[in-house]
Structure formats: structure tokens, C-alpha cells
Amino acid sequence: MIHFVLLISRQGKVRLTKWYSPYSQKERSKVIRELSGMILTRGPKLCNFVEWRGFKVVYKRYASLYFCMCINQEDNELEVLEIIHHYVEILDRYFGSVCELDLIFNFHKAYYILDEVLIAGELQESSKKTVARLVAAQDSLVEAAKEEAASISNIIAQATK
Amino acid sequence: MLLLTLLLRSVGFYFFTSSIQNPESNNSYTAKLEQLKTIGRELAMGSQGGFGQSKEFLDLVKSIGEARSKSEEDRIVLHEIETLKRRINEPDIPKRKMKEYIIRLVYIEMLGHDASFGYIHAVKMTHDDSLLLKRTGYLAVTLFLNEDHDLIILIVNTIQKDLKSDNFLVVCAALNACCKLINEETIPAVIQQVVELLGHQKEAVRKKAVMALHSFHQRSPSSVNHLISNFRKKLSDNDPGVMGATLCPLYDLIAIDVNPYKDLVASFVNILKQVAERRLPKSYDYHQTPAPFIQIKLLKIMALLGSGDKKSSEQMYTVIGDIMRKSDTASNIGNAILFECVCCISSIQPSPKLLETAADAIAKFLKSDSHNLKYMGIDALGRLIRINPDIAEQHQLAVIDCLEDPDDTLKRKTFELLYKMTKSSNVEVIVDRMIDYMISINDSHYKTETASRCVELAEQFAPSNHWFIQTMNKVFQHAGDLVNPKVAHNLMRLIAEGFGEDDDAADSQLRSSAVESYLKIVDDPKLPSAFLQVICWVLGEYGTADGKYSASYISGKLCDVAEAHSSDDIIRAYAVTALMKVYCFEKSAGRKTSLLPECQLLLEELSASHSSDLQQRAYEFRAILDLDANAVENIMPLDASCEDIEIDKSLSFLDNYVHKSLEQGAEPYIPENERSGTLNISNIINRNPYEHPAHSLRFEAYEVPKLVVPTKLSPAVTYPTELVPVPEPSYQPTVSSGPVSDAGSGSGSTELRLRLDGVQKKWGKPAYSSAASSSTSNIDSQRTTVNGATQPDNVTSKSREPRQPHVEVSEEKQKLAASLFGGRTARPERKQSGSAAGHSKVSRTTNHGEDKAQPTTVTTAVQPPPPDLLDLGESSGAASSYSSTVDPFKQLEGLLDLSQDGHAVTTTTGPDLMSLYSGASTNGQNQNQNLNPLLNEKDNMNGAPNPSNRTASLTKGPSLKDALDKDALVRQMGVNPTSQNPNLFSDLLG
């Protein structure tokens with residue numbers, strides 16, 4: 001089971017946090033502080049795993065962003081590494097060459113997507129296509145709500161093509 | 001300068017696009033185009049900000065992004081909290097505005113601040129009819145609230161309503177919330193509906209319903225127990241996503257109790273076989289591996305089912321063998337499956353053939369250059385040596401390499417392996433290493449763990465008393481305050497009882513060596529408290545036992561301890577009692593006794609101590625001083641710490657006294673619970689904590705008073721194409737149809753009530769909490785003592801001398817390897833392992849060479865670097881593109897820099913860049929068709945993009961255009977990518 005997901009930038013700034021096990025706000029800050037101290041200082045060629053308080057934290061760096069997931073002792077680290085990659089690929093497909101900035105300004109969308117990938121700390125869907133389809137279905141509702149705002153820019157976009 | 005570069009960068013882009021468009025490009029057209037685009041963007045942003053948020057929020061995010069210190073960030077957030085607190089309570093906030101406030105709250109909370117003032121607004125938002133707002137509300141509450149929060153009760157009703165919605169997206173949102181928010185108390189309110197949703201037509205809903213039931217089961221197994229058969233049914237769902245999700249609850253259930261699921265072994269094997277044969281839809285492939293996450297979950301389940309069960313295990317052998325053969329060891333996910341196979345093999349009934357393949361897989365892991373794989377290899381090795389301890393010997397040098405690796409994670413894992421393979425022949429080397437490591441680390445959690453492992457190993461395998469005592473001294477000196485106090489007490493008991501053998505000579509030898517070593521270190525001022533307690537106790541009990549040290553010498557040392565640690569009452573208590581013992585033993589032995597002057601002083605001081613415990617000990621000591629030898633011997637018999645003290649619980653020796661008092665007219669004693677007046681309340685509460693259903697909360701609407709429960713059976717959905725036939729147990733129909741339907745209306749087990757058991761009573765008289773009876777003899781019964789075992793070190797170092805075939809393996813390492821692994825093996829075997837080691841070294845270097853060679857060939861082949869080749873679809877070659885993707889911007893940047901230096905390179909590089917764009921766009925657009933990256937490369941090399949590519953790039957090239965749009969957008973908002981963190985813009989997957 002995944003206990004929490006953290007996205008931390010190389011400077012130690014928090015980009016996204018999702019807690020599947022109960023942690024109080026105070027514990028959360030402490031966890032983030034402890035883990036960013038441990039993970040950000042690790043060299044590039046070392047393991048992508050850190051043992052921590054009887055759990056294991058699997059992390060992977062993408063550009064300047066660290067994706068971390070905390071798992072149980074008996075879980076398969078390599079699998080979790082691929083779950084992280086799976087999520088990043090879905091983000092990439094959604095945002096189109098995703099970069100850290102996308103996640104900074106669209107963190108709520110990153111949350112929605114994460115909710116389609118993981119649920120209650122377990123991987124719920126391993127097909128990228130299915131996730132993409134669901135997220136798109138939800139977005140189509142959002143689109144409808146924003147139509148009026150976007151219409152003008154659409155017209156101009158058409159004209160410039 | 002930087003700004004100029006950036007400007008040139010974006011202008012450059014438009015220049016090239018337009019030049020592709022009309023070869024006879026004119027600058028005025030480009031300018032117009034640019035102008036129009038800017039206007040469009042501004043219009044779009046004016047109304048709603050760059051990313052759909054208001055300017056205000058974007059500014060907040062930006063300013064936090066630019067904050068230089070944590071304190072500055074905190075200041076900004078606190079200011080934001082103030083603003084929000086004020087705004088959010090204003091009347092008549094438009095809903096869209098409110099939605100943004102909620103998202104801002106999420107942001108604040110994410111940064112570690114308290115946003116609880118706005119929780120209620122998030123809860124309210126879940127009530128909204130619009131899905132857009134509802135979704136935001138649900139997102140916020142799932143992020144804000146833990147399952148025990150008070151506000152949850154306000155959401156349950158909404159969730160109930162949403163679970164009934166026609167729109168499956170609403171249902172999905174509600175189910176997502178269920179998983180996080182529904183707690184033990186509220187499960188009955190929704191469980192009926194969730195079970196019904198298992199038959200929903202949308203697979204996404206079925207999947208989430210399964211996961212929701214799973215989370216209910218985790219919270220309160222009893223509430224879902226009658227629904228377990230549903231999980232079996234869902235295993236044959238025709239959607240692989242639902243089937244995959246069902247494996248999660250099944251894994252948990254099987255982990256709790258294997259037996260009811262033995263009949264599913266054939267189904268699991270069958271599913272796994274089909275997955276491995278690529279029978280699932282292509283969309284479940286991940287990097288060309290068929291549904292790896294499902295495979296791993298199935299292997300985990302099979303490991304549980306096959307453990308200790310020969311019949312089940314035999315069914316699995318073929319499929320596991322197949323998977324291992326097929327797995328792709330070049331990719332990470334292939335190795336993940338391989339590792340899971342090894343775990344499964346080590347858990348089920350062993351099969352010699354599979355064990356061999358598993359050993360090969362481990363060898364591959366350990367020889368790999370990747371630290372991750374080495375780590376997995378060590379882990380797998382630790383699992384396999386339980387079955388076959390000899391396996392470790394092949395890998396001794398790899399293990400030692402890992403042990404000396406600078407990577408702490410790897411080192412720790414290796415220590416875990418060593419811990420598992422410790423035996424009496426190598427315990428000294430291993431424990432010494434562990435202690436060295438323990439001293440070197442700061443992390444208290446692992447220091448404690450390592451310390452207790454050292455203690456455990458030393459207790460189990462100690463080759464000699466002397467070594468044992470020395471080892472314990474080291475552990476306690478460096479981690480005494482961290483180890484569990486129990487360990488200290490164990491040590492005392494061990495010294496008192498000896499190693500469990502009836503060998504008094506050995507026992508007394510152990511004690512005197514303990515005394516001797518303690519006297520040596522007792523003056524160290526930095527000893528941890530727990531250790532000093534042990535020292536004081538042992539010195540008191542056995543200090544004078546062997547007659548080597550005089551009573552006054554020991555007493556002097558004890559007084560020193562009490563003096564040096566005058567602030568620690570516990571140590572002083574131990575010391576003064578030890579002094580008392582020393583005195584008593586002397587006196588009862590009939591020797592002349594006199595108290596040392598410093599001891600007298602100490603006694604006087606303690607008699608006036610603030611601690612009543614110390615005072616009492618001092619007074620007791622003084623009282624003993626006046627007694628004669630006979631009485632003293634009775635009070636403090638020599639070496640009686642292991643003898644049981646019999647306690648007369650009925651206090652029968654007082655009978656006479658009581659009798660006399662009664663005769664003199666005293667009132668008889670009435671036990672507390674028999675006294676009148678107060679007994680009623682406590683008795684009732686004690687007796688019936690369960691029979692009070694009056695407080696139960698009801699979530700369902702009041703029923704029409706007909707008392708007829710609408711018995712709607714959970715719809716029996718039949719799927720035309722079942723993936724596999726799943727045998728259902730014979731009791732299944734009765735279980736699923738009956739109780740399922742009336743679960744919500746509240747029958748016995750699921751009924752909701754306030755639980756009174758286990759809750760501390762707040763009123764009435766204090767109940768007597770029965771303390772767990774502490775058993776005094778929980779020393780490891782399987783402890784094997786190896787007193788006087790031969791020391792392997794000398795033997796090996798001598799036998800190593802004559803042969804030394806491979807010089808590159810350092811002598812020190814070989815020695816270590818021999819002492820770790822070679823404990824009981826004969827010489828020839830070791831020789832062989834030596835050569836194996838050499839072999840591994842060689843193969844490693846070749847590996848290295850290959851690795852080195854690969855990237856270079858790739859880069860030469862792809863001279864004009866193809867931008868973002870990563871095809872997210874089911875394409876091939878995704879793996880290879882990892883290394884070769886290059887950020888197109890960086891390329892451009894470099895080129896522009898060059899041109900500024902005065903070289904006329906633009907013209908020569910023109911074609912390359914053009915092909916670059918065309919490459920990018922084709923890649924982005926034709927994601928599904930363009931499966932051959934080589935084709936692209938070829939185009940790029942030729943520098944002559946074919947027409948179709950060109951047109952594609954003109955119409956829309958998603959990735960590049962998006963990236964540039966993004967770039968322009970954020971810059972307009974004032975985020976300057978290069979100012980702080982240029983990486984903000986780099987593709988995460990690039």
C-alpha cells in the first residue's frame with residue numbers, strides 16, 4: 001500500500017502532497033522536512049529507495065522535480081518506481097510535454113489525475129488509455145463551463161492558422 | 001543578455017514556422033501573426049487568468065515560487081490566510097469565485113499550513129449540483145479531512161445522493177470520496193449502494209466500487225465480511241481494469257486467511273497465463289510488457305496461496321517458469337516482475353528447477369551496475385537463503401561490495417541480509433561490522449534497530465562469554481539510551497541465569513568476566529543510563545562473588561558512580577541497593593565489615609533526598625546495618641536473584657492481628673465493591689456494555705411504517721465473455737442474497753451503535769485494570785549456545801595463503817568474504833567461489849563497456865537530435881528514446897548563441913532545424929501510427945522533410961506549440977524561467 005505521495009522540487013518546495021494514511025498536519029510537515037532532507041541530498045547514481053521509519057520511500061527525479069511514494073516493507077520497489085513513471089507519462093500525455101510549471105499552476109488537475117491512477121493507496125488503473133479517457137470526460141464538462149471565455153481566443157487561433 | 005536570448009528564441013520559432021509556410025517569407029506577416037496571437041492570449045487571460053485561475057491566485061503562486069526562504073514563504077501564506085478568512089465569509093460569493101477560494105485553501109494546506117477555517121465551505125461545495133463545483137468540493141474534502149473528522153457526518157448524505165446519480169462521473173467522484181472519508185461508523189450508510197454499484201454498466205464505476213469496498217474492509221473487516229463473495233464474482237468481470245482492481249482486496253483477504261481461497265488457485269494461474277500470453281487489450285501493455293502491474297499482484301497472491309501447500313504450488317510452477325523466461329531484463333518493469341517471481345518462488349513449496357532460475361536472476365541483479373537492481377538482488381538473496389543457505393556463497397564478493405558501497409540504503413539492506421545469514425561461525429565478523437555501522441549513523445530509528453539486532457545475534461550465537469560481554473558493552477556504550485530498556489533487563493537476567501545450561505562453572509566465569517570488564521569502563525563519564533544500571537546491578541550482585549575484588553574496592557566504585565551521576569535518581573537507586581548487597585554478602589559470609597566513609601556520607605545525603613524512593617532505600621540500608629549476620633542472610637541471600645519470591649497474597653500472617661482487633665471491637669473490612677450506595681452504577685456498566693443499542697445513529701431515511709424491507713437483490717449481471725470461470729463456493733448464494741439486501745436496515749452485526757468496549761470509562765469508580773501478567777521467562781527458547789566454538793578467522797586466513805588466483809580482488813575483501821561465508825565450508829569450495837568472484841569481476845567490466853558503448857552509438861546515429869521521441873502510446877522504442885530525447889529549446893538556444901558570436905550558421909543549420917520541427921510535429925501528431933522512430937531519424941538526417949510532414953507541422957504540432965504557448969503565457973504572468981530555476985520549463989520526461 002502507498003501511504004503518501006509527495007512531489008518536491010529540487011529546492012525543497014512542495015508541489016503536491018497526497019496522504020492515504022492518516023497524518024496530522026504537524027506530522028505531515030515533519031515528514032516532508034525529514035524526507036526532503038534525505039532525498040534531495042542523495043547522489044544521482046544511488047538507489048531510488050530510502051528506508052525511513054520502518055517504511056520505504058521510492059523516489060524518482062524528473063527534471064527538477066522529485067516524485068516520492070512511501071510504501072510498506074513488503075512492497076516491490078521496482079513496481080512502485082514504475083507506478084511513478086506511469087503517473088508521469090499520463091501527466092505528460094495530458095499536459096503535452098509536462099513541465100514543473102504545469103504542475104505548479106495546475107496542481108488541482110494533477111490531483112484529479114492522481115485520483116484516477118491511485119485510490120486508497122492502491123493502483124486502480126494500469127491502462128493509460130482508460131485514465132486518459134476518464135480525465136477527458138471530466139474535462140469536457142469543465143470545457144462546457146468555460147466556453148464563453150475561450151471562444152474569442154479560439155476564433156483568433158483559427159484566424160492565425 | 002539572457003532576455004535577449006529568450007526573445008530571439010521565440011522570434012526564431014516564428015521565423016522558422018513562417019519560413020516553412022511560405023518560403024518567400026516576409027517579416028511583416030510574422031509580426032502580424034505574433035500580434036494577433038498576443039491579443040488572443042490576453043483576451044483569454046483577462047477574463048480568467050492564465051491557467052483558469054484569477055490573476056490574484058497566480059500572483060500568489062508566483063510570489064511563493066520566488067520566495068527565497070521558508071520564512072518568507074510562511075509570511076506570504078499567512079497573509080493569504082488572512083485574506084481568505086476575510087473573503088470567504090463574505091455574503092453572496094459567486095460560485096466560481098468560491099471554487100477558486102477552495103483551491104487556494106488546498107494550496108495553503110499543501111504548503112503545510114492550517115486551512116481548517118475553510119473546511120466547512122469545501123463541505124458545502126460538495127452539495128452543489130454542478131459537477132464542476134462538486135468535484136472541486138470532493139477533491140478539497142478528501143485532501144482536508146481525515147476519516148475521523150467531525151465534518152464527515154455532513155458529507156455522508158451528499159455521498160448517498162451522489163451514489164444514486166445518473167451521471168457516472170458524479171458517481172465516480174462520490175466513490176473517490178468514499179474511499180477516503182467513510183469511516184467505521186458511517187460504512188453502513190453507504191455500503192448497500194456501493195454493493196449495488198458493483199453491477200454498474202460503466203467499468204470505471206465498478207472498479208471504484210470494488211476499491212471502495214476494499215477500503216471499507218481495511219477499516220472495519222466485520223462490516224464487509226458478508227460481502228466477500230462479491231470480490232470473487234468481480235474476478236471474472238470482463239473488464240481487465242475491474243479484474244485488476246479486485247486483486248487488491250483479494251490479496252488482503254488471502255493474507256489474513258488463506259484457506260477459503262484455495263479453490264481460486266487455478267483461476268489465478270489461468271489469469272496469469274492469459275496475461276502473460278498477451279490476451280489482454282493492448283492498452284494494458286506498459287513498455288511492451290503485458291499488464292505488468294496485474295502480473296505482479298497475481299504473483300503476490302500466488303506466493304501467499306502456495307506457501308506450505310504442495311498441491312497448489314505445483315499448479316503454479318509452469319506459469320512462473322514461463323514468465324521468468326519471457327521477462328525482459330533490459331527494462332525496469334521486466335525486472336520488477338522477475339523480482340516478484342523470485343519472491344513467489346521463495347515463498348511457495350520449493351521446486352529445484354525454479355530455484356535454479358531464481359538463483360540465476362539474482363546473479364543477474366547483483367552483477368548489474370544499477371544500484372536499484374543490486375538492492376533488489378540483495379533483498380531477493382535474503383529471501384532465497386531461507387530455503388537454500390548455500391546460495392549466498394556464490395555471491396559473496398558482490399555482497400561485500402554492497403556492504404562497502406557509499407550508498408546507505410544499499411548498505412542497510414546488506415546488513416539485513418547478513419543478519420539473516422548469521423550463524424555461529426560468522427557471528428563475530430557480522431556483529432563487529434554491524435556495531436561499526438551503528439556507531440557511524442545518526443538516524444536514531446536505525447541505530448536502535450541495529451543495536452537490538454546486534455543484541456539478538458549476540459545472545460543467539462555468542463561463541464564465548466568474553467566476546468558476548470565485550471559486544472554488549474560496545475552496544476550499550478554507543479546506543480545504550482536508544483535500545484529498549486527490556487534489552488538491559490534481558491542482559492541482567494542473562495548474566496544471572498547464565499546461558500541456560502547447567503554448567504555453574506561457565507556461569508560464574510561469565511559473571512566474573514562481566515564484572516571485570518565493567519570495572520574497567522565504569523569510570524567513563526559518558527555511559528548511558530541504562531548501561532550504568534546494568535553495571536551497578538551486576539557489581540552489587542556478583543562484584544565480590546569470585547573473591548577477586550575486595551568489598552571495599554567495589555563499594556568505592558559504586559559510590560563513585562552515585563556521586564558522578566547525582567542528577568539521575570534511578571542510577572543512584574541502583575547504586576545504593578548494590579552497596580547494600582555488597583555489605584550484606586560480606587556480613588553474612590562472616591567477614592569483618594565496615595562501611596567506607598564516602599559510603600556513610602552518601603547514605604546521609606540520600607536520607608535527606610527529595611526522592612522518596614532514594615530515601616527509603618537509604619533508610620532500609622541503615623536499618624540493615626544494625627542487624628546481625630543471621631537476619632541479614634535471610635534478607636539478602638547470596639546469588640538469589642533468580643529465585644522466586646513467594647508472595648502471600650492473602651496476607652495470612654496478619655490473620656492473628658486482624659482477629660485480635662475484631663475481638664477488641666473493630667469494624668470488619670468490607671471489600672470496596674460490596675459497600676452499599678455506589679455499587680449499582682458500576683455494576684451495570686461493567687456487565688452490559690453491549691446491550692445498549694439506543695444510541696445508534698441512523699443514516700437512512702425513515703421508512704414507511706410497513707416494516708417491509710424492500711428486498712432488492714443485487715442485480716445479477718451476466719457477462720457474455722468471461723475472462724475465466726471462477727468457481728464460487730457452495731455457500732455463496734445464500735450469503736450474498738440474504739444479508740446483502742438488508743445490510744443497510746441494520747441487522748445484528750452491522751448495526752451502528754456507539755461502541756463502549758475499549759473506551760475508558762469517565763464516570764463511576766475506577767475499574768481495576770488487570771495488568772498483563774509479565775512473564776519472566778521469555779528468553780529465546782531456541783537459543784543455541786556455542787561456548788568454545790572454534791574461531792574461523794584464524795583457520796581461513798591460513799588456508800587462504802597458498803592460492804591467490806585473482807589479484808584484482810583485494811586481499812582484505814577476500815578475507816572478509818571467507819569469514820562471512822566460509823564458516824563451515826571446506827577448502828576446495830572456497831577456491832571455486834574465488835574463481836567465481838573473478839568471473840563476476842570480468843563480466844562486470846564487459847557490462848560496463850557495453851553500457852558505455854551504447855549511448856555513444858545512439859548519439860551518433862541521431863545526429864540532429866529528434867525532439868521528444870517518447871511515444872506515449874503503444875509504440876515500440878519508448879525505452880530507447882529515454883536517453884536520446886533532447887530539449888529542442890536547448891538546441892535552439894545553442895544555435896542562437898553561436899549566431900551571436902558572429903558566425904553565419906543560421907543558413908547551414910536551417911534545414912536541420914526545419915527537420916527538427918517536422919520531426920517533432922509528426923511525432924506529436926501521429927502518435928498512434930508512427931511507430932517507427934527510425935523513419936523520423938532518417939528524415940531528419942536527409943534534411944528534406946517530406947510534404948506530408950510539412951503540412952502536419954503547419955496545422956498543429958501539439959507538443960512544441962503547447963510548450964511555446966506555455967512559455968509565453970507564464971512569461972506574461974511575470975514568471976521568468978531563467979531567473980531562479982530554469983528547470984521549471986524542462987520536460988519532466990525529457
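A residue is called buried when its relative accessible area is under 20%, exposed when it is over 50%, and partly exposed in between (1.4 Å probe, protein chains only). B:Asp379 counts as buried by this rule, at 5% relative accessibility. The structure is a predicted model, in which local features need pLDDT of at least 70, side-chain atom pairs count only at pLDDT 80 or more, and totals for chains, interfaces and linings use all residues. Residues are numbered from 1 along each chain as its sequence is written, chains are lettered from A and ligands numbered from 1 in the order in which they are written, and side-chain values use heavy atoms, with hydrogens and water left out.

The interface was examined next. Contact (heavy atoms within 4.5 Å) joins 100 residues of chain B to 91 residues of chain A. The two chains bury about 8,700 Å² between them. Buried area is the accessible area (1.4 Å probe) that two parts lose on being put together, summed over both. Carbon and sulfur atoms hold 57% of the area buried between chain B and chain A.

Polar links also cross this interface. A polar contact is a pair of N or O atoms within 3.5 Å; within protein, one must be able to donate a hydrogen and the other to accept it, and residues adjacent in sequence count only if both atoms are side-chain atoms. The rule finds 27 residue pairs in polar contact across the interface of chain B and chain A, both residues being at pLDDT 80 or more. On the side of chain B that touches chain A, helix α2 (residues 27-48) gives the most, with nine residues. Helices (H or I, at least four residues) and strands (E, at least two) are DSSP runs, numbered from the N terminus. That side of chain B comprises 49 nonpolar, 29 polar and 22 charged residues. Here Ala, Val, Leu, Ile, Met, Phe, Trp, Tyr, Cys and Pro count as nonpolar, Asp, Glu, Lys and Arg as charged, and the others, Gly among them, as polar.

Salt bridges were then listed. The term covers a side-chain nitrogen of Lys or Arg within 4 Å of a carboxyl oxygen of Asp or Glu. Six salt bridges cross the interface of chain B and chain A. One joins A:Glu125 to B:Lys207 (2.7 Å, N to O). In another salt bridge, the closest N and O atoms of B:Lys297 and A:Glu122 are 3.5 Å apart. This pair runs from helix α16 (residues 292-306) of chain B to strand β7 (residues 122-123) of chain A. B:Lys297 is buried, at 15%, and A:Glu122 is buried, at 9%.

Other salt bridges lie within chain B. B:Asp309 meets B:Lys262 at 2.9 Å, N to O. The two stand 47 residues apart and link distant parts of the chain. B:Asp309 is buried, at 16% relative accessibility, whereas B:Lys262 is partly exposed, at 25%. B:Asp379 pairs with B:Arg383 at 3.1 Å, N to O. These two are separated by about one helical turn because they are four residues apart in helix α20 (residues 371-384). A network of salt bridges links B:Glu56, B:Glu80, B:Arg87, B:Glu100 and B:Arg104.

A:Cys70 is buried, at 0%. B:Cys344 is buried, at 0%.
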